[in-house]
Amino acid sequence: MQKDVAKAISTDEDRQKAEARAKVEALARDLGYSLAELVGTETKISRAPATAKYRHPENPALTWSGRGRKPQWFVEALGAGKTAEELGIT
């Protein structure tokens, strides 16, 4: 029974914190700021960009990391008979 009470208290506290955060974010947004600007910490963690694994055969400036949607040039090259290995960066 004590575990149930402790869990209920913890769940209620988490819910209250989430509601308070949402209210503060809404207030900051109404004033034209983000919460991160006011608090001084960044809430979003950024990742380093993925390294390119594929390169356009005619335009080496066009690359693709292999993540996300396939670029149109990659789809067209595959349709023209090229393989992914042929488009890969060595």
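In which helix do D12 and R15 both lie, and how many residues apart are they? Both belong to helix α1 (residues 2-30), where they are 3 residues apart, about one turn of the helix. Helices (H or I, at least four residues) and strands (E, at least two) are DSSP runs, numbered from the N terminus.

This is a predicted model, in which local features need pLDDT of at least 70 and side-chain atom pairs count only at pLDDT 80 or more, while totals for chains, interfaces and linings use all residues. Residues are numbered from 1 along each chain as its sequence is written, and side-chain values use heavy atoms, with hydrogens and water left out.

**Salt bridges**

A salt bridge is a side-chain nitrogen of Lys or Arg within 4 Å of a carboxyl oxygen of Asp or Glu. By this rule the count is 3 salt bridges, listed here.

| Pair | N to O distance |
|---|---|
| D12 and R15 | 2.5 Å |
| R15 and E19 | 2.9 Å |
| E25 and R21 | 3.3 Å |

D12, R15 and E19 are linked in a network of salt bridges. R15 and E19 are separated by about one helical turn, because they are 4 residues apart in helix α1. E25 and R21 are likewise 4 residues apart in helix α1, so about one helical turn separates them.

Relative accessible area describes exposure: buried means under 20%, exposed over 50%, and partly exposed in between (1.4 Å probe, protein chains only). R15 is partly exposed at 43%, as is D12 at 29%.

**Nonpolar core**

A nonpolar core is a set of buried Ala, Val, Leu, Ile, Met, Phe, Trp, Tyr and Cys residues joined through side-chain atoms within 4.5 Å. The largest such core has 5 residues: W64, W73, F74, A77 and L87. Helix α3 (residues 72-79) gives the most to this core, with 3 residues. Apart from its neighbours within four places in sequence, A77 is in contact (heavy atoms within 4.5 Å) with K82 and L87.

**Nonpolar surface patch**

L27, L31, Y33, L38 and V39 make a nonpolar surface patch of about 540 Å². Patches are made of residues with over 30% relative accessible area and no salt bridge; like charges are joined within 9 Å and nonpolar side chains (Val, Leu, Ile, Met, Phe, Trp, Tyr) within 5 Å. Accessible areas come from the Shrake-Rupley method with a 1.4 Å probe, and for residues only the protein chains shown count as cover. V39 is found in helix α2 (residues 35-39); V39 counts as exposed because its relative accessible area is 52%.
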